[in-house]
Amino acid sequence: MDTQDLIFGINGPVVTVRNSRTFSMMEMVLVGKERLVGEVIGISDRTTTIQVYEETTGLRPGEPVYGTGSPMNVTLGPGLIDNIFDGIERPLKEIAAQTGPFISRGSSVPSLDENREWDVTVTAKPGDKLKGGDFYAECPETPAIRHRCMVPPTLSGTVTKVLPDGKYHVKDTVVELTDEKGTVHPLTLCQRWPIRNPRPVVRRRQPNIPLITGQRVIDTLFPISKGGTAAIPGGFGTGKTMTQHQLAKWCDADIIIYVGCGERGNEMSQVLDEFTELIDPKSGRPMTDRTILIANTSNMPVAAREASIYTGITLGEYYRDMGYHVALMADSTSRWAEALREISGRLEEMPAEEGFPAYLPSRLAEFYERAGMTDNLNGTEGSVTIIGAVSPQGSDFSEPVTQNTKRFTRCFWALDKSLAYARHYPAINWIQSYSEYFTDLDPWFAKHEGEDFIKYRMEINKILQQENKLMEIVKLIGSDVLPDDQKLIIEIARVIRVGFLQQDALSAADTYVPLEKQKLMMKVILHLYHKSKRLISASVPISSIIRTGLFDKLIRIKNDVPNDKLERLDDYLKEIDKDLAGVVSA
């Protein structure tokens, strides 16, 4: 090995090589005798700077650095689903079987199981003209997902050889493609793709289909579209991870990718246990049949944390290109930003606000802009939805990561510490949160749920806004001085907050709520509000209305009415009419 390709300096995950002319920018390299995975992040006339994605303890100057000639990439093929990877797509189950519970440095286990056989159906025929993205074979990856093998986006040509249907390994050639120059390209069940390059599409579509989550505060008040972006900011203990767990379990995406970026190991263990035990409501099979987990815990090398969300989004784009709708949960982007800050400090770059690098906004933009609903190269339609948790220190939403995330996301689900401490979950603050997808999604809601759904939502939101203003007065002078019509707003807002926005993840009837039930619950609550308002305008005291017990009874609707017996909600409407008629006659 030439001396110019030897390690000169080591500063944590940052390694420098002097006087090298053999490496290119963003090239994937293997560092040291143990061949640790790294990436070239800086080149000058004298120094090449490498970011190492593994622990560098024990690495010494003078050890060799090997170039690979390709950028940092991941292997894409059958076997990704129902698997657990680290930030650079190393399979943790396989590594644990070989080395024990801790990842040994330099582990070079293939990302996909090369010994497993797949039952492949070859769909291409000799003489077919194929271009990038076209399907040429498929196999059942899990009982829930059918894997479609695609021609790499940069390749096109004529099929000159096709193998018969049968059992093949991921690296077996099943089709040969000859391009215009006469070069033969063997097509296997897998391909590689650089994680920092978005996969190409024909065009991006208007995000006009909602991602149904079954969480009332989201679906009704702050909806997100398939292919949309959302941020979940909140301080420690406000329920960011649990909210993402609920979304991952119940949203109507085809495939879930959960990226634990810098999370504590016990939280990731909880995720693994829950997803293993959870039954998918779509298929009746384990949730893992359509889930990919990327576990990059807080005790893993910090540089791999920086790569983990790019690995996750690349896997998401791959399944999007097959025509699937993918939801990616990034937990949390704050710890990813902290990894950027640490590496930037070791590179001695000029810090910006709060020590974060000046390129933090552009990196966040790179990530969130890879979401979207798309027309793919093969004529299918797919989407990648990104929901990123943000962990501002001290719940300070003015810090740089939260503020810059708001610039690139169209949904902002602000978690409130006071709501979390009051055991109100999801602890999404309805005053601070917002969604910018109403214009795009309202036509869908009007078509599938009726114009009433939109009308109810707007009135519910108006009542909550009015209550917020009234509570400022109550804090100053108490509620006794308020007129009855304003007391009614406070009472009905309590029903909305506790009976509608608050949701019990441990209740079978309440952990997931279909849109139809959400609409009917709003209808019943507003029916009580309008009837009570008319009585108060007729000089009936609100105390008489409260004594009927209707307000407390409506709070219990969420648990008392199962999702498959929505006709019971009509009984509540009749009961409201009957009880309030009794108030008038009394």
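In the predicted model, the side chains of Glu-114 and Lys-171 are joined by a salt bridge, with a nitrogen-to-oxygen distance of 3.3 Å. This pair connects distant parts of the chain, the two residues being 57 positions apart. Glu-114 belongs to the loop between α1 (92–99) and β9 (118–122), whereas Lys-171 is found in the loop between β14 (166–168) and β15 (175–178). With a relative accessible area of 33%, Glu-114 is partly exposed; Lys-171, at 54%, is classed as exposed. In total, the structure contains 27 salt bridges. Side chains of opposite charge can pair when their charged atoms come close.

A second salt bridge is formed within a helix. Arg-346 pairs with Glu-342, and their closest N and O atoms are 3.4 Å apart. Both residues lie in helix α6 (residues 333–346), and because they are four residues apart there, about one helical turn separates them. Arg-346 is partly exposed at 29% relative accessibility, and Glu-342 is likewise partly exposed, at 34%.

A further salt bridge links two helices. The partners are Asp-577 and Lys-531, whose closest N and O atoms are separated by 3.6 Å. Asp-577 is located in helix α17 (residues 568–585) and Lys-531 in helix α13 (residues 515–537), so the contact ties together parts of the chain that are 46 residues apart in sequence. Asp-577 has a relative accessible area of 32% and is partly exposed; for Lys-531, also partly exposed, the value is 27%.

The cysteines were examined next. A disulfide is a covalent bond between the sulfur atoms of two cysteines. The structure holds zero disulfides. Cys-139 is accordingly in no disulfide, and the nearest cysteine sulfur, belonging to Cys-149, lies 5.4 Å away. Cys-139 is buried, its relative accessibility being 0%. For Cys-251, the closest cysteine sulfur is that of Cys-411, and because the two sulfurs are 13 Å apart, they are too far from each other for a bond. Cys-251 also counts as buried, with a relative accessibility of 1%.

Notes: Residues numbered from 1 in each chain as written. Predicted model: local features only at pLDDT ≥ 70, side-chain atom pairs only at ≥ 80, totals over all residues. Heavy atoms only, no water. Disulfide = S-S within 2.5 Å. Buried < 20%, exposed > 50% of the residue type's maximum accessible area, 1.4 Å probe, protein only. Salt bridge = Lys/Arg side-chain N within 4 Å of Asp/Glu carboxyl O.
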